[in-house]
Amino acid sequence: MKHVAKLAAAAALGALMGSTALAEGLYTPNLAYRTGPFAATGIPLMNGQADYMAMLNARDGGIGGVMVDFEECETGYSTEKGVECYEKTKGKAIVTQPWSTGITLQVLPKTNVDEIPILAPGYGFSPMADGKVFQWAFNAPLSYWDGASIILKFLQDQGDLSGKKVAFLHLDHPFGKEPLPYLETKAEALGFELLPIPVGLKEMQNQSAQWLQIRRERPDYVIMWGWGAMNAGAITEAVKTKFPMENMLGVWWSGHDADLDIVGEEGKGYKSVSWSFPNPDAPVMADVKQHVIDAGKSQASADELDGVFYSRGLVISAILAEGIHVAQEHFDKAEISPSDLRWGLENLDMSEARLDELGLTGMVPPFSTSCSNHAGHSGGWILEWDGAKFVKASDLIMPDSEAISELELSRAKEYAEANAPWPVNEDCKM
Amino acid sequence: MLNEIFIKPFVDMVEAPDFLMQVLWEGLVSGILYALIALGFVLIYRSSRIFNFAQGIMVVFAALTLVGLHAMGVPAWICVVLTLGVMFVLAVTIERVVLRPLVGQPDIILFMATIGITLFLIGFGEIIFGGENKVMITEQLGIPTDSVLLEPWGGLLILEQKDITAVAVAALLVVALLVFLNKTRMGRAIRALGDDHQAALSVGISLQTIWVLVWFIAGIIALVTGIAWGARAGVSFALEVIAYKALPVLMLGGLESITGAIVGGLMIGMLEKLFEIYWGQPLLGGNTETWFAFVLALIVLLFRPQGLFGERIIERV
């Protein structure tokens, strides 16, 4: 009897604690990767994300008066651990941030059942941009196909691509293969030869075979889709094989200052497409410094703060915070549900004016989303390594929306058919 | 297709001999480093029958300690000495805390213990040094970073001076280890333990001392490997993955054979590069290095289960 009484008391306490936890804040778990082979890329991004939320909590008391409960679950960029983290955190989460294309692909069908939005800014499965089919997934402000399109447009500005050879050096992983369908389509349309060169996870730091192939094939350009240790491995090999750095361009995850520090001056001319840019003078930076850095609440090192990736982490959390804010305003309540947040993320209007209001001036291009457009297709800048840091090497370049949209719709349809019955958003009439 | 498999690769080799030399050179550099890592495994296995799963993370830990100390303002060569000191302390700690209490336990328990050491070192290393990519102190150590450009047969052969240094240092270390194992009392004691554990103990060889010694040697190997690989693409936890490349070397060469580790490492380094360039990339879409070495080792194991140089052990049942 005593045991039963104890159990009842424990259950009552548990229920009380559970309800308190729900009222404690907006639970926004982040499936982080601060360990393992990809940690070098992950750490500044995660720091930026965490610091932005910590700043909102300290400066504004959270969002709409509710504190943000920003918790990390470490995946080491492993898909298996990522799925475990998703399952562990989904109970009270209003969003999931999977942080790997592999994990995103695994949790994509689950979020339809659990009805939790996936926020994957600038990563994940590109057709997620089709909000009618992928109603719970968001890759705003732009997708990998947008990124590939911006790179090709930049190269076309340098000269006709017809008859040229373009090597596509990529991680042999769902992330690395993601832009291939778009690049293959464009290779045929623009008349260039596409040479895919995969890099295995165990070969990231020893890419001599891949660069021997590049030396033998003599491509005009190398487009790199690298993550983590692959970036530094490729850039050092490019320097070693005397490949002209100005003809090498990477995706936004291949534009990390620390990767280029390894080659320093020799990496001069290397480029990377980016949908974010550090602006030390932006008001948000002053607020983060005052409320988080100076208060000793940040894990970021001093030299990380002006880097591209830390700044991108801030922007990613700002997108999530804006989605929460939009949902709170629309539904006129502070404690929002995952489905409310989905509405918020579908109605983002990150105009120049709104970005200024948020203190994010110049840190991300303006974009907006809708129920049919979950990517925003913001456009991006080409950044260039000047030997010590990344500088802007182009104005904002918009992706080739027409070609991408066509491909997105057809691939999204294929995915839905292959995973039938796949629920689509019938209410979206856009 | 037959032409692509049996004729074209060899025609390509003959038509561009400078490129073939470059491929072989890159294979040699990788191979000697694989051999070095494999030696770390072999030494520990020979003396204690422990398959040291922690060899990879020891490479990372040694390299991180070196660059971490330098970041604190310690001169480069003093950092090397201090790092060796840290690796010695690590060897003593592992022997005292992990291995000694497990003496006499089945091999699998000791193997699991090394997985525990790996997980501990990952966490400990990340707490102390952080997970960011760091620049190896190549120039501060006096390692030249320029390239030597040769023009054999009117072509081009690029030899990185740091690769030449890595090959030379690794070769010297291998020779030094062979001399140590064959010509010194301690070296013979290690071999004696490998040959017959009980007999070695009965003649007064101290298991504890030998275990500390082999783990320390594995630490030295880890430091040299860490410097060589770190100079190529920075120092990060991704270096740990490279140690797994030594597994097929061990399968091929034999887990107990020092000669096997060296020959196996060089064979795999060069053959996987040749296969990738002349067959893998043109016919299979590339990235064959991920599996080639394992397939090669598997084929060898079909005919020689003990590896090329391993001992044939017949156990009575």
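Colleague: Before we start, what should I know about the numbering and the model?

Modeller: Residues are numbered from 1 along each chain as its sequence is written, while chains are lettered from A and ligands numbered from 1 in the order in which they are written. The model is predicted, with local features needing pLDDT of at least 70 and side-chain atom pairs counting only at pLDDT 80 or more, while totals for chains, interfaces and linings use all residues.

Colleague: Let's take chain A. Into which domains is chain A divided?

Modeller: Domain bounds come from an automatic or database domain assignment. Here, domain 1 of chain A covers 18-143 + 278-379 + 406-418, and domain 2 covers 145-276 + 383-404. Their centres, taken over C-alpha atoms, are 26 Å apart.

Colleague: How many residues of domain 1 of chain A are in contact with domain 2 of chain A?

Modeller: Two residues are in contact if their C-beta atoms, placed from the backbone, lie within 7 Å. By that test, 31 residues of domain 1 of chain A meet 34 residues of domain 2 of chain A. On the domain 1 side, α2 (39-60), α4 (101-114), α12 (308-331) and α15 (401-418) of chain A each supply at least two residues. α12(A) gives the most, with five residues. Those names rest on DSSP runs numbered from the N terminus: helices are H or I of at least four residues, strands are E of at least two.

Colleague: Which strands make up the open sheet in chain A?

Modeller: Strands pair if DSSP finds at least two bridges between them. In chain A the order is β6-β5-β7-β8-β9-β12-β13, seven strands with mixed pairing. β6 (193-199) and β13 (390-392) of chain A each have a single partner strand, so one side of each lacks a neighbour in the sheet. Neighbouring strands are turned by 25° against each other on average, direction ignored.

Colleague: Which helix packs on that sheet?

Modeller: That's α5 (residues 144-158) of chain A, which touches β7 (221-225), β8 (248-250), β9 and β12 of chain A. Its direction makes about 130° with that of β9(A). For such angles, axes are lines fitted to C-alpha atoms, for helices over the stretch in contact, and the angles run from 0 to 180 degrees between N-to-C directions.

Colleague: How does β12(A) sit among its partners?

Modeller: Four bridges join β9 (residues 271-274) of chain A to β12 (residues 381-385) of chain A, and the two run antiparallel. In that pairing, A:V273 stands opposite A:I382, and A:S272 stands opposite A:L383. β12(A) and β13(A) are also antiparallel, joined by three bridges, with A:E384 opposite A:V391. These two strands form a hairpin with four residues between them, and A:G387 in the turn has a positive phi of about 110°.

Colleague: Which residues of β12(A) are buried on each side?

Modeller: In a regular strand the side chains alternate between the two faces of the sheet. A residue is buried if 20 or more other C-beta atoms lie within 10 Å of its own, exposed if 12 or fewer, and partly exposed in between, with C-beta atoms placed from the backbone. In β12(A), A:W381, A:L383 and A:W385 are buried on one side, and A:I382 and A:E384 on the other.

Colleague: Now chain B. How many helices and strands does chain B have?

Modeller: Chain B has 13 helices and two strands. Its C-alpha trace spans about 60 × 60 × 35 Å along its principal axes, and buried residues make up 48% of its 317 residues.

Colleague: How many residues of α11(B) are buried?

Modeller: Seven of the eight residues in α11 (residues 246-253) of chain B are buried, among them B:P248 and B:M251. The cover over them includes α2, α10, α12 and α13 of chain B.
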